[in-house]
Amino acid sequence: MSLIIGIESSCDETAAAVVKDGNEVLSNCVASQIRQHAEHGGVVPELAAREHLKALHPVLSQALQQAGVGFNELDAIAVTSGPGLMPALLVGLSFAKGLAAGNNLPLIGINHCIAHVYAAFLNDNYAALMSASSYPLLALVVSGGHTILLLIEQSGKASVVGSTIDDAAGEALDKAAKMLGLGYPGGPIIQSTAVGGDSQKYHFPRSLTGSAGKALAPAHRFNFSFSGVKTALLYHIRNHTENGITLQQQHLRDTAAAFQEAIIDVLCRKTIDAVEYFKAKSLVVCGGVACNTVLRDRMQQDLPSSAALHLAERQYCGDNAAMVAGMARHHLLRGEFMRPDGDAFSRLPPITHIPFTPKTT
Ligand code: KG4
Ligand code: ZN
């Protein structure tokens with residue numbers, strides 16, 4: 001039996017969670033900073049760091065209390081060490097180092113992007129995803145910071161087979177909402193604005209799909225690009241507005257629906273193409289954008305029956321610490337701990353293996 005507390009502070013959520021045996025979530029507490037950043041139209045790194053400083057202690061106490069667990073019962077402390085916003089990461093990491101030293105517990109550093117994949121392993125999906133028959137497994141990690149396709153073998157060998165060459169999908173949705181004057185964060189606002197909109201009314205480009213009249217370079221078959229669709233939206237807004245008056249009502253809804261459709265269409269088509277190409281036995285869809293209803297429905301509808309679909313539960317799609325604490329168990333079993341001088345990192349390092357496949361435990 002293992003009990004691990006996880007701490008997450010890579011962006012604008014301060015989170016702590018206690019997870020038993022790598023999958024049973026005993027508590028999952030998140031303090032969101034959305035309100036503080038909304039007035040700036042996006043996340044301000046220094047503000048995020050200061051908010052983490054305020055929220056970490058209360059969120060940690062709440063997570064322990066809700067789980068009914070004391071420090072003396074824990075086996076380890078896990079913390080997101082990157083990628084993310086450096087000032088924000090350093091607050092969480094310093095806090096976790098102090099806790100680990102003060103309670104004489106081992107510290108485990110967690111890769112945030114891989115933890116998003118692990119979010120799909122929590123609770124009920126665990127048995128299926130830890131079974132050899134789920135591999136090779138393809139994961140679409142789609143968030144504000146990442147859009148990657150990660151191929152994972154049963155041995156734990158992993159490689160990024162596709163990624164965005166510019167903006168992440170969530171970033172494009174956030175910027176689109178800002179351009180439309182809808183606020184932050186854009187993904188959920190675009191989704192709700194799109195309800196009642198006609199997604200076919202306007203056509204936004206599907207970059208790197210070979211649909212722009214040019215042949216698609218094979219190297220980009222599984223890569224994404226979302227900067228063109230953003231520029232197209234900018235021109236669309238300019239062409240449909242006069243004297244600085246923004247789009248209104250039905251026109252706004254149709255625009256949001258068509259823009260969302262363009263992003264989701266590319267995500268689904270490329271992911272399903274990759275599932276078929278790599279003969280994946282299962283597909284994990286995770287990260288903040290995986291909360292999106294249109295994306296979830298479309299994957300369910302279009303994924304061929306040769307692969308099993310595992311959508312991360314909505315509560316574990318956005319940034320949370322349950323995915324951090326859960327994944328840490330596999331590092332614990334492998335004896336992989338953070339050294340006392342362990343550092344944070346802002347960019348995604350090359351991924352060559354992951355610690356949580358059937359062969360690795
Ligand atoms: O995983 P996450 O919480 O943070 C990062 O690691 O980036 O993802 C945040 C992203 C934001 O871009 C947000 O707009 C997007 O997830 N998002 C959504 C939805 N909910 C959050 N995008 C589309 N539809 C949603 N319902
Ligand atoms: Zn994230």
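The site of the zinc ion (ligand 2) in this predicted model is tetrahedral, with angles of 96 to 131° among its four donor atoms; four donors count as tetrahedral if all angles lie between 85 and 135 degrees. The protein donors are His 112 (NE2), His 116 (NE2) and Asp 319 (OD), which lie 2.0 to 2.1 Å from the zinc ion, where donors are N, O and S atoms within 2.8 Å of the metal (3.2 Å for Na, K and Ca) and water is not among the atoms, so sites may look incomplete. Along the sequence, these donor residues follow the spacing H-x3-H-x202-D. Because His 112 and His 116 are four residues apart in helix 4 (residues 112-118), about one helical turn separates them; helices are DSSP runs (H or I, at least four residues), numbered from the N terminus.

Both histidines are buried, His 112 with a relative accessible area of 5% and His 116 with 1%, buried meaning under 20% relative accessible area (1.4 Å probe, protein chains only).

The count of disulfides is zero, a disulfide being a pair of cysteine sulfur atoms within 2.5 Å. Two cysteines illustrate this.

Residues are numbered from 1 along each chain as its sequence is written, while chains are lettered from A and ligands numbered from 1 in the order in which they are written. Local features need pLDDT of at least 70, side-chain atom pairs count only at pLDDT 80 or more, and totals for chains, interfaces and linings use all residues, while side-chain values use heavy atoms, with hydrogens and water left out.

Note on methods. Tetrahedral: all angles 85-135°; square planar, octahedral: opposite > 155°, others 65-115°. Helix = DSSP H or I, 4+ residues; strand = E, 2+ residues; numbered from the N terminus. Buried < 20%, exposed > 50% of the residue type's maximum accessible area, 1.4 Å probe, protein only.
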